[in-house]
Amino acid sequence: MTLPGIDDQVGAVLDRYRARTMATLLADLPTGGPRHLYDLVADYPRRSGKGLRAALCLAACRLAGDGGEPDEAAVNVATTVELFHNAFLIHDDIQDGSEQRRGAPTLPAAYGVGVALNVGNMTNLLALDRLLANRDALGSGTTWQLVEQTRLMLRHSLEGQAIEIGWIRDNACDLTPDDYYRMCLKKTSWYTCIYPCRTGVLAAGGGRLRPDRLDRYGWYLGAAFQITDDVLNLVGEYAAYGKEIAGDLWEGKRTLILIDFLARCTAGERERAVAFLGTPRAERTATEVRWLHRRLTAYDSVEVARRSARELAGAALAEGRTVLGDRADTEDGRFLLGLTRYVVDRPR
């Protein structure tokens, strides 16, 4: 990709769309109520996230509409997307036993699982409230389509999460890259890219794009995003990454990196790795985590994953250019194409 200054352009669009979405999200949260509820719903959104999903939603809306600035109805849809995302983060942190999120303790680490679970559930409820609030601005027909897209996204995401945690529970160690890609499509691509793009197109009220026209772009982009996240978890800089390094190893996640290593390591290394992965998280030791971390690096499994992420990003770029046509040269078209480099070059 050779577009000059694209990183600055992507950053500027992300910042603008994130600021507008977060201002709406935080301004409309309920106040008062029981302790440890609405104030904690605002906790993750107030931290410095990327705002990728909301930005995809608003960019898709402009590309499908008249190209003007997103109206309040579109921002409301983007806010819905962002609320669902933050609910997923809270529940992921509970399921994974994560300790850090965006440079600070996770909600379950700071307040306990019970409080965090309730806050995640409330965040989902508030997302549903915003979803139904579209009836006045977008009409019942479009609102029902948004509900259907949300139902579909939740089903795919929950099935993808079930696949991943099932692999950990069953100590699955004979997985293939295709197994990983299928899980990734459901767990990450649907809610990170496909759903924001589809809802953004619907928020435009129809026109120049079908809601599913960006699906292949979203699938490739989401997979590249997730693989890069797996890489950063092992070799990223904590100050930029904002989560504990090697947390995926402590959790026993079956990443593309681990799958590659298990397919190529020696019999002795595989036996030791399988034993480690079959040990409950609470019983895993830092010594074994460091050993596995070193072996993944020694086998260049991290670089194998990086190459896969770059190839998927290239496929997203090609697909985006095909779908957008002459709209590729608009601000939002350049943004969607520029994201294909951003997702693999980002530090967090």
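**H10 and H17.** I looked up how helix H10 (residues 215-235) lies against H17, and I noted that the two pack at an angle of about 20 degrees with their axes 8 Å apart, and are therefore roughly parallel to each other (angles under 35 degrees count as roughly parallel, over 145 as roughly antiparallel, 65 to 115 as roughly perpendicular and the rest as oblique). Axes here are lines fitted to C-alpha atoms, for helices over the stretch in contact, and angles run from 0 to 180 degrees between N-to-C directions. Helices are DSSP runs of H or I with at least four residues, numbered from the N terminus.

This is a predicted model, in which local features need pLDDT of at least 70 and side-chain atom pairs count only at pLDDT 80 or more, while totals for chains, interfaces and linings use all residues. Residues are numbered from 1 along each chain as its sequence is written, and side-chain values use heavy atoms, with hydrogens and water left out.

I then listed the contact (heavy atoms within 4.5 Å): Tyr 217, Leu 221, Ala 224, Phe 225 and Thr 228 in H10 meet Leu 336, Leu 339, Thr 340, Val 343 and Val 344 in H17.

**H4 and H17.** I next found that the axes of helix H4 (residues 52-64) and helix H17 (residues 331-345) come within 9 Å and cross at roughly 140 degrees, which makes H4 oblique to H17. On the H4 side the contact includes Leu 52 and Arg 62, and on the H17 side it includes Glu 331 and Phe 335.

**H16.** Last, I noted that just after H16, Gly 325 takes a positive phi of about 60 degrees.
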